[in-house]
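Welcome! Work through the exercises below with the model open beside you, and try each task before reading its solution.

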Amino acid sequence: MTTHKCFEPAYFLSYCQSLYDNDKVYDTEQTNRLERHRHVEPDSAQFLASLVMIQKPKKVLEIGTSTGFSTLWLAYGLRHQSNVDLISLDIDESRSGIAKAHLQNTGLAAGVSLLVQDAFDFLNQNREIFDLIFLDAERQFYCDYTEQLHKALSLGSVLIVDNVLSHDDEVGDFLAVFENNSRYICHTLDIGAGLFMAVCQEP
């Protein structure tokens, strides 16, 4: 992961705050939930950046790019590492294009692959192990992903899921799959809308 020589954290923080504020206003004006950008909360985004700074993952997968707010923070946390692959998935080409522009505007586009692809199709075709997977997409499909998520995680891998406190009724069955599996150590974090963390303790 590399950044522009003129990259300044202060500019990045200001850019992200403006992006979050503008999109929050945009979301309040949308009557159709699917039209909203629905970014992670700033606290959650900063936690993701902190986590990757600590973990130093080489392969990161984000499921649910939207317009790239969380993608920006993941890339920000990875910016001092080399030979890092950050893949972010979304089925909406226009949103992926907006995310690309944000990454370019902040000097964080290098090493980030924005794929316009259905998550279920990607996971079924995937043969890679990811050090970190961040899941923030359409919750009704999460249970369809479980088998392939297990295969994409190995010893030391971390799965993070957003909105687990704000929408606990929608994700409970999915989270239980990991909580009831001795392969994982699980935590629910009261950060933002609630983050779930499953740490893989077995290969």
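**Exercise 1: a pair of packed helices**

Helix H2 (residues 42-55) packs against helix H3 (residues 69-77) at an angle of about 30°, and their axes are 7 Å apart. Your task: describe how H2 runs relative to H3, and state which residues make the contact.

*Before you start.* This is a predicted model, in which local features need pLDDT of at least 70 and side-chain atom pairs count only at pLDDT 80 or more, while totals for chains, interfaces and linings use all residues. Residues are numbered from 1 along each chain as its sequence is written, and side-chain values use heavy atoms, with hydrogens and water left out.

*Step 1.* Helices (H or I, at least four residues) and strands (E, at least two) are DSSP runs, numbered from the N terminus. Axes are lines fitted to C-alpha atoms, for helices over the stretch in contact, and angles run from 0 to 180 degrees between N-to-C directions.

*Step 2.* Angles under 35 degrees count as roughly parallel, so H2 is roughly parallel to H3.

*Step 3.* List the contact (heavy atoms within 4.5 Å). From H2 come Pro 42, Ala 45, Gln 46, Leu 48, Ala 49, Val 52 and Met 53, and from H3 come Phe 69, Ser 70, Trp 73, Leu 74, Tyr 76 and Gly 77.

**Exercise 2: salt bridges**

Your task: find how many salt bridges there are, and look at the surroundings of the partners.

*Step 1.* Apply the rule: a side-chain nitrogen of Lys or Arg within 4 Å of a carboxyl oxygen of Asp or Glu. The count comes to four salt bridges.

*Step 2.* Take Glu 170 and Arg 139, whose closest N and O atoms are 2.7 Å apart. Glu 170 lies in helix H7 (residues 168-179) and Arg 139 in the loop between strand E4 (132-135) and helix H6 (142-152), so this pair ties together parts that are 31 residues apart in sequence. For accessibility, buried means under 20% relative accessible area, exposed over 50%, and partly exposed in between (1.4 Å probe, protein chains only). Glu 170 is partly exposed at 43%, whereas Arg 139 is buried at 11%.

*Step 3.* Now turn to Glu 147 and Lys 151, which meet in a salt bridge at 3.7 Å, N to O. Both lie in helix H6, four residues apart, about one turn of the helix. Glu 147 is exposed at 52%, and Lys 151 is exposed at 51%.

*Step 4.* Finish with Asp 92 and Arg 95, joined by a salt bridge of 3.7 Å, N to O. Asp 92 is partly exposed at 27%, while Arg 95 is buried at 10%.

Key: Parallel < 35°, antiparallel > 145°, perpendicular 65-115°, else oblique.
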